[in-house]
Structures are given as structure tokens and as C-alpha cells.
Amino acid sequence: MAGAQLGPAASIGIEKMYDFEFDRPTSIQAAVDSLKTEEALAFSGGQTLMPTMKQRLAMPSKVVSLSAIEEMKGVRVEGSELWIGGATTHATVMRETAESYPAISSLAGRIGDPSVRSRGTIGGSVANNDPSACYPAGTLASKGVIVTDRREIPADEFFQGMFMTALEEGEIVTAVKMQIPDAAHYAKFIQPASRFPLTAVFVARYGDGVRVAVTGASESGVFRWTEAEEALSGNFSAEAVDGLATPDGSGMISDLHGTGDYRAHLVKVMTKRAVAAC
Amino acid sequence: MKVDMKVNGRAVSGEVEGRTLLVDFIRQTLRLTGTHVGCDTSQCGACTIHMNGEPVKSCSVLAVECEGAEITTIEGMANADGSLSTMQAAFQEHHGLQCGFCTPGMVMAATALLKENPSPSEAEIRHHLEGNICRCTGYHNIIKAVQAASGQDVQPVAAE
Amino acid sequence: MPKDGGIGASSKRREDIRFLSGTGQYTDDINLHGQAYAYFLRSDVAHGKINGIDTSAAEGMPGVLRVFTAKDFDGVGGIPCGWQITSIDGQPMQEPKHPILAEGKVRHVGDPIAVVVAESLAQARDAAEAIMPDIEDLPAVMDMKAAVQEGAPKVHDDLTSNLCYDWGFVEDNREAVDQAIKDAAHVTTLELVNNRMVANPMEPRVAVGDYAAHSGESTLYTTSQNPHVIRLLMGAFVLGIPEHKLRVVAPDVGGGFGTKIFHYAEEAFCTFAAKQLRRPVKWTSSRSEAFMSDAHGRDHVTKIELALDADNNFTALRTETYANMGAYLSTFAPSVPTWLHGTLMAGNYKTPLIYVNVKAVFTNTVPVDAYRGAGRPEATFQLERVVDKAARELGVDPIALRRQNFITEFPYATPVAVEYDTGDYHATMDKVLEVSDHAGFEARAAESKKNGKLRGYGIAHYIEACGIAPSNLVGQLGARAGLYESATVRVNATGGIVVMTGSHSHGQGHETTFAQVISEMIGIDADQVEIVHGDTARTPMGMGTYGSRSIAVGGSAMVRAAEKIINKAKKIAAHLMEASEGDIELKDGAFTVAGTDKSVAWGDVTLAAYVPHNYPLEDIEPGLEETAFYDPANFTYPSGGYACEVEVDEETGRVEVMGFTAADDFGNVINPMIVEGQVHGGLAQGIGQALWENCAYDEDGQLISASYMDYAMPRSTDLPMFKVDHSCVTPCTHNPLGVKGCGEAGAIGSPPAVINAVIDALHRGGYDVPHINMPASPDRVWAAMQGAKANMGAAQPAARSTDTAEGRSV
Ligand SMILES: Cc1cc2nc3c(=O)[nH]c(=O)nc-3n(C[C@H](O)[C@H](O)[C@H](O)COP(=O)(O)OP(=O)(O)OC[C@H]3O[C@@H](n4cnc5c(N)ncnc54)[C@H](O)[C@@H]3O)c2cc1C
Ligand code: FES
Ligand code: FES
């Protein structure tokens, strides 16, 4: 069938965002080069960027789409290591880690909704480091390493506070690596409006100890609850969590949906539930 | 920028800006107004369409990202003879719509579910439709419509 | 056997075909040739003095046609208010001007400051960002109780205070009520908040204005529940366009829930600008804009006192409510906390003495007006909460306490000025207990306990007044309009029928139900009947759809017009069959002569009406078209029993709705499938209000819940399958169909049922929490449990009880 030719006018008149140049490179190197333009911005699934740009809170001069870079896509298991390409969608992670790492599959399968999961990517999620995002907790608890076009950054150093990461200007998250634990669970308590975590806890048990990563709660973004890790490394049980003092609520997010004290309380409850479900 | 894609089986090409949203391209350029816009934070799902077989929110995809993609909108859902698809017919049969504004997105999302999971439970249907907000129906009859479309037993509407 | 057509059949909806295939025509789907786009620059502060607005840079930007500010509206009226309330002291309410664009001050976040009209929306938005308003911040007036104190900053400098009115109802009862409360054996007092809501129809508002220079006629396409009302208000009060030069079209509308009743500035703007610029002008609201420009709902802060005698009979009820009006008076705002609320305070109970006081207050927030149920949910919530609380205080069964005080004899004149025609509250109570399996509750509660959850059962019983409304009565009550409805039934020569109704359908399915009624009356197939609505050029007059009035008032008008048609058709048939008119019967689409086998088909009679060769021309005119206006004699009074079952997660405070049962008495039902759908939707909104939805401002007047990121819309995973029953029927006595209306019931009866269930669950867990304000979100429920734990045994203030003290529901 002949293609319908539609008028020459580029603008259809009701665009909500500022205009920008658009590039869709097919290799990491080309993307890095393209991002050298001033005010250029990496664009992966767009599930965070599109609403932000519609509110005109971001105004890149150029948008560099990562969606055509095949070397950034896919899920691979090498021994006890899970490799997820930075441009891999939540839906793909959900499907392809179901056997190798069910807790991550379950985390991915509960991000947003099916439409968000078919576009949003792990690279975008960790690069954005929303204080209520799911992947940062999963990555941090899973001894994650963030692979970029130029280096590898341990998750413990990568996440540096609300929306802050170790990424440099123009640096691209090309993959995220995780160590598959003996057991793990992600306990997510949703904020009733956004359905992001109000507080969520990822617990991962390894031979050499337990990791507990918390998202949604702290004003400084995702963090490891070290007291719980210590207690659980000695005694991996819900009772061990019961014995702990509730974390301090003063550094926790207080908003319409819950006070800092409430979130601190949820940290404990969700940790307990994650452990019980492991 | 020129973009070529297939929409409801028909090849189309059009000039767009980088910032043109897929939903605006569909509604304004192609004049397929069945796809709706209900929010600006990517949450309501009124704009749900299929892109290469997967459900996506067309308000959160750039038109230029759809180069070479296969797009299906609500206008492409009916059977070849023009009759309503099984899912569309089930929505009518079970009164799964009132004002009809969320409906195209709802039908697109529900159709995608059955492709993946031909016989979903009530809980699975609800989980799958979490990103499609309906203000009219309370979801009750939508759930029933999806159950019916998947060939599962549903109580007849007015006899509960 | 269920019928497959006519009244009482669950006919499938004909409108569904276009909605399901993507061919519906919503306002945003309308694009007129040469149309320009309007973008509104809105205030980002709650209260401020406008020192100046520099539009010069914006005016020179690409594509800009014109930039409008308040000074461009000289000689243009303000947005009118359709209802006048009189204060206790006999003074009329204070009524500030509501300009199309902010004049002198901005008064809420979202108040429009300027509008850019440009060739494209992108250009209009770009230019709007170049407008430099010089606005000096003023303290925001947020707390209603503080706002009415002497010396408080004023929202409107030209008014004497922020008090819109102070209304007492019924003033003659006041002393007797005070005395009865003093003399009571027991008084239960409750302070509560009815949380501010955003209606959030999924279709945002849209307006397209057009002007035809050749005829001087203006046309407005708009997302409205009542195009004729918009034509009247905008034409007569704002723009000075006579009704014959103004057409208002409301095509397919994606939900309304009240918020699309009102006349909005954007509608007047687009109509005005189209004429000024000689170009169609389109405005499409974004969801973010909707949050700060669609009228909000509810927002009452109330103290209610219920007096009982030693035998637990209700002896008196007294309420004091602060009702938030927002920054300006929206179309029906003053009527909501008064006539739609005070008149319902008797509920289902024979309380002999009632006094209601309402103070309506201006604040620096978005105007508040009717939202599904409007006033009646606020009344029902207070009453059904205070009755439950009384039962708990007295240690009696909340169901028994209700039953003991139920009204059982009809008609019943309440002490708050209305007369219930019919009802059977014991029947709906019996039904809701049966359908919700009340008897099996304890077993389910035990099961929940095993799973670590607290289960609670909450009951509520409601009455509502709908089928709004008798014009002479509402006229006495301050309405500036009549609330009749009209319909024209046009029969074509070949027998097909077109009904032009003033009721508007935006989800209610009139195209199907109205056709069912006509089909039943005439005995022809529903496919032969077309229902037309939503266009002032096609329907003679219409007051629109709200207050569950479509079938009760609009349907009645249609029945009356159809009766006129039938009477005339019988005359023609009598002539054709040479029989006496009195012997003619109409059945199954044919006219017969009683006692004979003579018969003439519907189509032969209609043809004769238009081809009057053999026709009684000396007695009747040719043609077959009739119009009727129907003004109801009374409100209708649907009622029902609602039961909610919840599980509370003790560790997190999260409430899960495990079951919800509604047993309603809607009188006669035209289409059970549609009625059930209406109830489902109402329940979702009521449960949403009770558990999640909350429109919140901070003390500076910033809207916190300004998008779906913070305003919690009920989602598919939040709700259970509902149990809905409407088998209890006491037909309305004063309209031809015996119908009562069903559109709002779900939203009215459900919030107290949910909160009663939550409180019940907490008490079963040993938490002495007397009340929780809506929404009973996890953090609030958890905090209430913590509060109760800290003071084991003693009665606890509700979570965030400061909400009430502050006089602000946020
Ligand atoms: C309705 C809805 C619900 C959601 N619910 C959840 C939820 O429950 N939990 C949750 O965790 N998230 C949720 N999200 C967010 C979602 O997971 C996003 O997909 C994710 O946060 C961002 O991924 P993206 O690929 O879409 O990134 P984009 O939006 O494309 O980009 C986000 C940011 O990351 C940068 N970026 C993107 N990719 C890279 C890269 N490879 N290297 C460097 N920088 C990069 C971009 O420049 C941008 O600043 C939700 C989103 C929506 C719309
Ligand atoms: S329009 Fe709401 S999600 Fe796309
Ligand atoms: S049918 Fe109206 S929003 Fe779903």
C-alpha cells in the first residue's frame, strides 16, 4: 500500500515541550559523541523524562535516544552475576530474570504499569535515582555495579542522594551488574497516588552476609540499613528485625502521604516482611 | 524530521519535530481521535496504544522514536468486517464503559493482557489495568468484560 | 424473565459502539478551520496584588495574535453566581465579582492572569512565558475559622469580611433545639472534616469559540453537562449575547461529576476572543491546569451534636459547618452547603428538632462547588458518623439504634423543610444485611485475625433529595433559575422518532434508556428512536444533567411530550378507522378499536399526519411533533443501606476494602444494567474520598496534590467487586415513571460506611479511636492507632485532629 504523505508543516501546533534536536545513535560510542553537544540529554524509556519535559522542567538542546543501541539491551547470567543492559526495559527484565533472579523480576514487574514497563529502562531508573525508585534499592542490595561507557562504579558509591549519582556530564549507564543472592525479596508499600514506593525494602541474603536497601523513605535517597544487615547476618529472621530500634525519622521524607516517623516505622515493617518472604 | 511508521496496518509518513509526541501525531496529523489524553504525568492510560505489539502510553513516546514501528490504535481494533472485536464486544455486553473517555486505552491495555495471559484471574486483570484510570465505572464491569473476553464465566449483568 | 427491550430491560448501550471504536466526538476532537490556540498564564501564588503585567515581549513573539489581560474586558460582565443565600440577619450573601481574568489581585493558585492567543499552542505557551507579571505577595487566607476573625486579611478587599454568609436553618427551631440538647439524657458530639475533592472526570475541560461574521452568531463547543445553562449565563450575564445569537454545543463529554455544570471563565474567553479576532479559538485544559481551575468539591469543617433521650430516641440535632467557597463564587456554590445539605440533615430518622448553621467562607483556594452528591454526602457523612459514635458511646448496636429511629410513615414532613413521599428503610436495611452476609461477619473477622488483620463492618443508611427540582420551591430558596426540563418528540412521516431532550448524557446512557421508554410507550423498536441532546440549536431548552435529575425530570418531560403525541395520533387513527377517539388503543405499535378487529399501524398514522389527504384537518393540525416542559412537584428521595467490610493492617495502617454492598431503593428502574453501573461508579468515588483522595493545600496556599502523583485516584487494584441490589422499590409518587434517580447515591452513602468500618476494625483491635478524618490513609490510621496506644483506655482525638481545629480540611 502506498504510504500516505502528510503535509510539510513540521509543527503540528500543540507541542507541549520546548523543541530540541533529536539523535538516535546505534552504538555506545556514537551516543557518547552525540552527548558532547552542550545541553544534550540522554533519553532512554522517557517514562521520567517525558512528563518532566512536558512540565518544561527540563529543556535539553538535544535529545540522544539510547533505544536503538543493541549492545545496551538484554539480560545475561554469568555464574552468579546478572548483567542487564542499560537500555533494557522493565518488561524484559521481568520476563528474563524470572528464573535467574525472581526478586528482581518481581521488582521490575511491579514498577508502574505494563505501559511504563514496556518503555522504561533500568539505565534510566538508576541514572535518575529518584528517592522513591525501585531499581536503586534492588541494585544496592544486590551488590550492584553500574557499568558506564568509561568505568564501573559500585552501587555503594554510585547513589549519592536524591536524584544525585556519580555520573559525570555525558556519561552513559550501559549496564547494571548484580550478584545473585541465595535468597531475596522486595517488599513495596505503595504511595496511593503515584504508586511509587512510599517505602520499600529490598533484602538480599548472601553467604557472607545480608544486605538491606531502603527506598522511598530517606531524604538522601536510597540507603542501606546497616543495623538490620548486622542483625540479620547473625540471625536471618523476622524476630531479629523486631529487636531493632526503629530508624531515626528525622532524616526521612515527610509529605502529604506520611510523616518521617511513619516512614521510619515502615522501614522496619517492610524489612521484616521482606525477610519473612525470603 | 520525517518519520515513517505503520499505523493500523497502513504505511504513513509525516514531518514532525523532535518534540512531537506520538499521541499528538496520531490525533492531529493522522486525525485518529479515538486515542485520548487524560493527564500530563503519564499516569492515566487514556492514550494507551500498541507499539510493536506492546502497550505503551502514546503521550510518553516521541513520534520520532516510532520510526519503522507498527502502531495499533483503537481504530484498528475492530474485526476486518468492521464488527467489534471480542474485547470491544465484551465491554459493551458487560457495560464496561460509561463516558467512554478511558475506554480506548482500557481496551488496548486489556487486549495486550490477553495476548500475554489468555486466562487471567481477577487479581491479574486488576494488576494489569492499574495504569488505566477510569472515573466512571469503579472497574467492576471492566473486570467482568475482560473475564468474558477471555472466555471465562461471568455472571450476567443485571442478575447479581 | 428479564425483558429484552423497553422499561426494565438491561438493553445494551447503543452509544458504546462509537466509544468502543474510537469514533466518539469529544470537544477536543473538534478542530475548526483556521483555529487559533489560547494558553492561560495562571498565578503561581495564592494571594497577591497585581502591580502590573508587562505583555510587550510576548506580543512580539512568533505567531502571537493577541495577549489579553483584565483590561481587555471592559464592559464584559463577571462570571455569575446562580444562587443567592440570605444570612441569619436577613442580609444577602456577600457576592464578589468573578472576572474572566484576575483584576487587581490574584486570589488562588491557578487564577488566570493573562491569555495568549497564537497560531499554535506551542507558540502561545512560549509567549506566555515571556509575560512579566509584577505581583506582590499577600498573606494567604487558608484557615476558615481564622479567616472570619476580626482583622483577618481579606480575599476580597471590597467585601466587609471573608464571610460569604452565615445561614441558620430552620431559624425558628434554634431555641427549641438548644433546649432539647440541654435536656437530653445523652449527647454525642463529633467534630469532623469533609475533605476537599477534585472531581477529575477523565476528559479535561475544553472550549472552542467560533464567530460567524455573516450572521453575527457565536458558537461555543464545550465540555458541559448543561449547554443551555451555559448559553443563558454566558450570554445574558457575561458577554451580552442574546440567546438567539448564541449556540452552545456539548458533544460527547467524558464524565462530569458536577464539575462540568458550572460556567467557567475559559468558555467566556474563547467565545469572546473568537469574535474579537474573527478566528475560532481553542483551549484544552491539561490535567495540571484542571487541578487548579476545575471547581473543587466538599471541604466542610463541621461540629455535629446528636441528643438522645433515655430510651435512645433521637430528640435533637445541631450542626455548625464552615464551608469553603474558595476565592470566588462558582455557579451553584452557595446552594451546596445550604439547600442541598441542610434539608437532608434529618436523614432516615424521625429526629423532631434540627438546627443547621453554615458559615460560608472565602479563602485563597480554587472555588468549591457541587461534586457528585453535592451537600448530601456531607450531610450523610456527619449524620451516619454521629449515629455510629452514639451507638458506641451508649454500648448499643448501631443497626438497632438506626432502626429504632427510622421514619416509617410516609409522606413524612421533616423539620428541615422537605417532605419524603415514599421509602421503606427497614426493607433496605434488611436487604443490605442479607446481601452483605452480616450474619457471617464474625466468622470472617476471626479468619482475618488469624491472618494478622483487623476486620471491621460498617453500616450507613442514607436519604438523598434528587430529581432536582421544583422551580417555585428553589426560587423561594434563592435559585436564580428554574429547574424544570424540556423535551421535544418529533415523529417523522415514516414513523421514526427523534427525541430532543434537555438532559445531557456524559456517561449515563440516555441514548439507550430514553429510547427504551419511548419504545415501551409506543410499542415500536428502540432502533426507531433517536435521542438528541447537547446542542442548544437542536433542543428547545434544557437545564441539563446533575442532581440525579435526568430520568426523573428530563425523562418525565419526554413522557409528557410522548403522551401528547399519542393523544394526537389516536385522533388521527380514530379518523382513519372511522371510530370514536375514546375507543382507540395503542399497543405494540398499532392502533386498534376496542372490541373490533380494526387496526392501523403506527407508520400509517404518522404518514397520514404528514400527508394529510384523508385527515381531520378541521380538528387538528397536520404534523406530529410535541414539546413538553416538566417541572417536578417535589424532589425524589432515593434511599438505601450500605455496608462496607474492611481489613486494617495493624502494622502499616493500610485499609483494604474487602467487600461493599449497596441496597438501594431507586423507585422504578428503566435499565438495571445502567443503574448498577451508576452505583458502581458512585461507590468508587465515595470509597476514594473515604480512603485516598484528598485535595491538599499548604498554609501558603500552594496546591500540594496538584497531579495524579499526589492526588490518589482509585485504581483497579484498590477496589473489590461490588454487590449492588435495587430490588427494594417504593416508586416515586409524583412523576409519571415512578423513578427516583440513581446517579449520586453511591457517592453519598459510601463514605460513612467505610469510615464506620475502619473505626469498627480499630475497636475490635482494642484501639479506642472515636473518629478518623477522611481520607483514612495508612499514615493517618497508623497515627490514630499510635495515639490510642499511648493513652490506652481514654478516648483519643482523631489523627490530625488539628485539621478540625485549624478549620481547614488540609
Ligand atoms: C506512571 C509511572 C509509574 C512509575 N512507577 C514507578 C515505580 O513504581 N517504581 C520506579 O522505580 N519507577 C517508576 N516509574 C519510573 C520508571 O521506572 C522510569 O522508567 C524510570 O524511572 C526512568 O527510566 P527511563 O528509561 O524511562 O528513563 P528516561 O525518562 O529516559 O530518563 C530518565 C533520566 O535518566 C537519564 N538517563 C536515561 N538513561 C540513561 C543512561 N543509560 N545513562 C545515563 N543517563 C540516563 C536521562 O537523561 C534522564 O535524566 C514510573 C513511571 C511512570 C510514568
Ligand atoms: S495521557 Fe495520561 S497517561 Fe498518557
Ligand atoms: S468510562 Fe468514563 S472514565 Fe472510564
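Modeller: Let's start with one contact: a backbone N or O atom of A:Gly112 lies 3.2 Å from a nitrogen atom of ligand 1.

Biologist: Before we go on, what kind of model is this, and how do I read the labels?

Modeller: The model is predicted, so local features need pLDDT of at least 70 and side-chain atom pairs count only at pLDDT 80 or more, while totals for chains, interfaces and linings use all residues. Residues are numbered from 1 along each chain as its sequence is written, chains are lettered from A and ligands numbered from 1 in the order written, and side-chain values use heavy atoms, with hydrogens and water left out.

Biologist: Which other backbone atoms lie by an oxygen atom of ligand 1?

Modeller: A polar contact is a pair of N or O atoms within 3.5 Å (within protein, one must be able to donate a hydrogen and the other to accept it, and residues adjacent in sequence count only if both atoms are side-chain atoms). Here, a backbone N or O atom of A:Ser44 lies 2.8 Å from an oxygen atom of ligand 1, and for A:Leu49 the distance from a backbone N or O atom to a ligand oxygen is 2.7 Å. Taken alone, ligand 1 exposes 960 Å², and the protein buries 94% of that; such accessible areas come from the Shrake-Rupley method with a 1.4 Å probe, and for residues only the protein chains shown count as cover.

Biologist: How many residues surround ligand 1, and which are the closest?

Modeller: A residue is near a molecule or strand if one of its heavy atoms lies within 4 Å of it. For ligand 1, 33 residues make up the surroundings, and the closest are A:Ala42, A:Ser44, A:Leu49, A:Thr121 and A:Cys134. By class, the shell has 15 nonpolar, 15 polar and 3 charged residues. In that count, Ala, Val, Leu, Ile, Met, Phe, Trp, Tyr, Cys and Pro are nonpolar, Asp, Glu, Lys and Arg are charged, and the others, Gly among them, are polar.

Biologist: Which element gives the largest share of the shell?

Modeller: Helices (H or I, at least four residues) and strands (E, at least two) are DSSP runs, numbered from the N terminus. H6(A) gives the largest share, 5 residues. Strand E3 (40-43) and helix H6 (122-128) of chain A each supply at least two residues of the shell.

Biologist: And where does ligand 1 lie relative to chains and domains?

Modeller: Ligand 1 lies between chains A and B. Within chain A, domain 1 (20-65) and domain 2 (183-278) both give residues to the shell, so the ligand lies between them. Domain bounds come from an automatic or database domain assignment. The C-alpha centres of these two domains of chain A lie 34 Å apart.

Biologist: How do I read a contact between domains, say in chain B?

Modeller: The size of an interface is often given as the accessible area lost when the parts come together. Chain B is divided into domain 1 (2-76) and domain 2 (86-149), with C-alpha centres 21 Å apart. Contact (heavy atoms within 4.5 Å) links 17 residues of domain 1 of chain B with 14 residues of domain 2 of chain B. Together these domains bury about 1200 Å², 64% of it on carbon and sulfur atoms; buried area is the accessible area (1.4 Å probe) that two parts lose on being put together, summed over both. In domain 1 of chain B, B:His36, B:His50 and B:Ile74 lose the most area to domain 2 of chain B, together 42% of what that side buries.

Biologist: What area is buried between chain C and chain B?

Modeller: About 4500 Å², of which carbon and sulfur atoms give 55%.
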